[in-house]
Amino acid sequence: MKRLFVLLTLISVIAILTACSSEPSLELTNKKVEIINDKERLGYMTLQQGEKAGQDVAPTKLFYTFSIKNTGSKIIGKDVELLTLKIEPSQELVTVSEEVMGFNIFNPEGYNETGLGYGHTFDSILGPNVEGNYTLHYDLGIDIETTEALFVPSKEQLEKLQKHALEATLIVMLGEEELVRFDLSEKE
């Protein structure tokens, strides 16, 4: 009876260790946030209405850059379940966003009727010991008065938004499954 108990305990420990080792091991190796207005780097929009129709303008963006390394031994991501990221802002960051922009830029519905948008770039599959690069960006306005998009906030307002931009959590997802959270407010 004692041997059976020891054998079952050993099998249980091995099963737990095997389950733990199959968890993805991800490390946030770099984070950067900046406010950018660069037509060549980020693209532009062409105005469609009024006397400024046809003019290309680059929206000012809150631009996050992340590097995440797969420190595990298995590939993370596949054709149907891709690796993605999202920002979960702190209440303070939501308040600053609403103060500066008039809406929560981290909520996609907030962009309705603004003429602005948001976007991302992802390495959606990470091999073992591979570092992927990711960006998340949120349009903040354009520097031309038009009815097509919001006018960019003042320099002081943009600086305030950038100052609080890392008061958030970065969530790494595989399909619909949350893999890991990184507190962006932590010092590197």
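**Entry 1: the sheet**

I began with the strands of this predicted model. I found an open sheet of 3 strands, in the order 5-8-9, with antiparallel pairing. I reminded myself that strands of a sheet pair through backbone hydrogen bonds, either parallel or antiparallel.

Next I looked for the edges. They are strand 5 (83–89) and strand 9 (177–183), and each of these pairs on one side only.

**Entry 2: strands 8 and 9**

How many bridges join strand 8 to strand 9? I noted 6 bridges, with strand 8 covering residues 168–174 and the two strands running antiparallel. Leu170 has Phe182 in strand 9 as its bridge partner.

**Entry 3: helices 3 and 4**

I turned to the helices. Two packed helices are described by the angle between their axes and the distance between the axes. I looked up both for helix 3 (residues 91–101) and helix 4 (residues 155–164). Their axes come within 9 Å and cross at roughly 165 degrees. Angles over 145 degrees count as roughly antiparallel, so helix 3 is roughly antiparallel to helix 4. The crossing of helix 3 past helix 4 is left-handed.

Which residues make the contact? From helix 3 I listed Glu92, Leu93, Val96, Ser97, Glu99 and Val100. From helix 4 I listed Gln157, Lys160, Leu161 and His164. I sorted the residues of this contact by type: 4 are nonpolar, 3 polar and 3 charged.

Key
Residues numbered from 1 in each chain as written. Predicted model: local features only at pLDDT ≥ 70, side-chain atom pairs only at ≥ 80, totals over all residues. Heavy atoms only, no water. Axes fitted to C-alpha atoms, helices over the stretch in contact; angles between N-to-C directions. Helix = DSSP H or I, 4+ residues; strand = E, 2+ residues; numbered from the N terminus. Parallel < 35°, antiparallel > 145°, perpendicular 65-115°, else oblique. Left-handed = near helix turned anticlockwise from the far one by under 90°. Contact = heavy atoms within 4.5 Å. Nonpolar A, V, L, I, M, F, W, Y, C, P; charged D, E, K, R; others polar. Pairing = 2+ DSSP bridges.
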